[in-house]
Amino acid sequence: MKPLARYAAITGYADLCASLGMDPTPLLRSVGLDPTGLGLPDRWIPAVAIARLLERSAAAARCPDFGLRLVERRRFASLGPVSLVLREEPDVRSALKFLMRYQHMYNEALRMRLVEAEDVATIRVTLELGEPADTRQAMELVMGVLHGLLRDFRGGRWQPLAVCFTHLAPENTSTHLEVFGPMVKFDQEFTGIVLYTSDLDAPNAMSGPSIGPYARRYLDTLDTRPEAMLVTRVRELIELLLPTGRCSVEQVARSLGVDRRTVHRHLAEAGQNYTAVLNATRVDLAEHLVAGRRYSLTEVADLLGFSSPSNFSRWFSNEFGCSPRQWRAEHRIDAGVGAGGVPV
């Protein structure tokens with residue numbers, strides 16, 4: 001299956017585009033991403049789509065340091081629940097190992113490996129997108145975030161021994177020097193960060209009392225079995241594909257990088273089937289969309305993938321025991337809440 005990443009990976013993307021005089025909407029749509037998803041940081045999307053978005057954005061803006069500029073708009077909390085635990089790790093080594101252990105919680109394409117030799121440690125970074133794609137901008141974004149985290153862990157103006165990239169240097173390296181310092185190197189054997197092993201054993205400067213233990217227990221109890229993960233992925237893809245009218249199991253399977261039989265098999269192992277997941281997703285979305293004021297009922301029918309308002313009305317009546325119009329009158333809520341996190 002194609003690895004996924006959270007929308008949080010491109011936190012600040014719309015603001016950066018605006019600062020460069022670009023409209024982010026057509027760029028997002030050109031790689032199959034829904035612009036409204038930017039407001040849903042925990043929603044998962046294909047990691048390869050993010051890589052392609054960054055490359056197209058850099059080209060459109062004629063901004064070869066686009067990925068690095070995005071680093072400035074990222075926040076520590078963009079890592080999600082993982083960020084709560086990282087603050088509580090006593091030293092840099094344990095924080096880094098925790099970050100690597102739970103990397104699937106924020107980016108399934110990311111691979112980090114720690115190699116130690118005598119007094120030098122190397123954090124090697126790769127991206128496995130599931131299909132060929134240019135990763136220059138994505139790698140610079142990842143490296144910028146990782147460098148920032150290490151600096152937060154170490155505190156002060158800490159600098160590594162080297163920040164290495166396999167790709168060639170851009171014509172202007174001013175942003176790279178500003179972000180990484182003077183030890184940034186290009187055209188290297190690997191992409192990663194080199195530092196002293198003593199840096200790993202240093203106290204975590206971010207450590208302090210909070211809810212780290214609770215967050216760790218939460219992460220440890222998450223169901224990460226393949227079949228459970230696939231059910232979650234299928235549901236999220238259904239939410240993304242419903243407004244397009246192309247929400248078949250075949251389309252979902254293509255988005256996951258597998259065939260339809262694999263989807264059916266994993267859903268069956270989880271005690272589910274595609275029709276049931278599709279209907280349950282529609283029920284949850286319909287409950288919020290119909291109660292909200294943002295969309296007309298005709299628009300809601302389109303967003304839920306129905307061929308006509310009448311078909312939607314019949315389905316809704318069967319599920320909720322009343323017409324959509326009656327439900328809206330009885331459950332109407334304020335705009336901005338009714339969307340319920342729906343990708344439309």
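**Sheet order and helix packing in the predicted model**

In strand 6, Val-184 stands opposite Val-163. The pairing of strand 5 with strand 6 is parallel and extends over two bridges; two strands are said to pair if DSSP finds at least two bridges between them. Helices (H or I, at least four residues) and strands (E, at least two) are DSSP runs, numbered from the N terminus. The structure is a predicted model, in which local features need pLDDT of at least 70 and side-chain atom pairs count only at pLDDT 80 or more, whereas totals for chains, interfaces and linings use all residues. Residues are numbered from 1 along each chain as its sequence is written, and side-chain values use heavy atoms, with hydrogens and water left out.

The protein chain contains 17 helices and seven strands. Of its 344 residues, 52% count as buried, where buried means under 20% relative accessible area, exposed over 50%, and partly exposed in between (1.4 Å probe, protein chains only). Among the contacts in the protein chain with a separation of 6 or more, 70% are accounted for by residues 24 or more positions apart; a contact is defined by heavy atoms within 4.5 Å.

Five strands form an open sheet in the order 3-4-7-5-6, with mixed pairing. Strand 3 and strand 6 (184-185) are the edge strands, each pairing on one side only. Strand 7 (residues 192-196) is antiparallel to strand 4 (residues 120-127), to which five bridges join it. Strand 7 also runs antiparallel to strand 5 (residues 162-164), and three bridges join these two strands. Within the latter pair, Gly-192 of strand 7 stands opposite Cys-164. Strand 7 is mostly covered, with four of its five residues buried.

Thr-122 lies in strand 4, and its bridge partner in strand 7 is Val-194. With a relative accessibility of 13%, Thr-122 counts as buried. When residues up to four places away in sequence are not counted, Thr-122 touches Arg-113, Leu-114, Val-115, Phe-190, Ile-193 and Val-194. Arg-113 belongs to strand 3 (residues 110-117). Under the same exclusion of residues up to four places away in sequence, Arg-113 touches Met-100, Thr-122, Ile-123 and Arg-124. The C-alpha atoms of Arg-113 and Arg-124 are 5.2 Å apart, and the two residues are eleven residues apart in sequence.

Axes are lines fitted to C-alpha atoms, for helices over the stretch in contact, and angles run from 0 to 180 degrees between N-to-C directions.

Two packed helices are described by the angle between their axes and the distance between the axes. The axes of helix 6 (residues 92-101) and helix 7 (residues 136-154) come within 10 Å and cross at roughly 150°. Helix 6 and helix 7 are therefore roughly antiparallel to each other; angles under 35 degrees count as roughly parallel, over 145 as roughly antiparallel, 65 to 115 as roughly perpendicular and the rest as oblique. The crossing of helix 6 over helix 7 is right-handed, a term applied if the near helix is turned clockwise from the far one by less than a right angle, with anticlockwise denoting left-handed. Val-92, Ala-95, Leu-96 and Leu-99 of helix 6 make this contact with Leu-146, Leu-149, Leu-150, Phe-153 and Arg-154 of helix 7.

Helix 7 also meets helix 3 (residues 47-61), the two axes coming within 7 Å and crossing at roughly 105°. Helix 3 and helix 7 are therefore roughly perpendicular to each other. On helix 3, Ala-51, Leu-54, Glu-55 and Ala-58 meet Arg-136, Gln-137, Ala-138 and Leu-141 of helix 7.

In helix 13 (residues 260-269), the buried residues are Thr-262, Val-263, His-266 and Leu-267. They lie on the same side of helix 13 because they cover an arc of only 130° around the axis, the arc being that of the directions from the helix axis to the C-beta atoms.

Pro-243 is found in the loop between helix 11 (226-241) and helix 12 (249-256). Pro-243 is partly exposed, at a relative accessible area of 29%. A distance of 6.1 Å separates the C-alpha atoms of Pro-243 and Asp-302, which are 59 residues apart along the chain.
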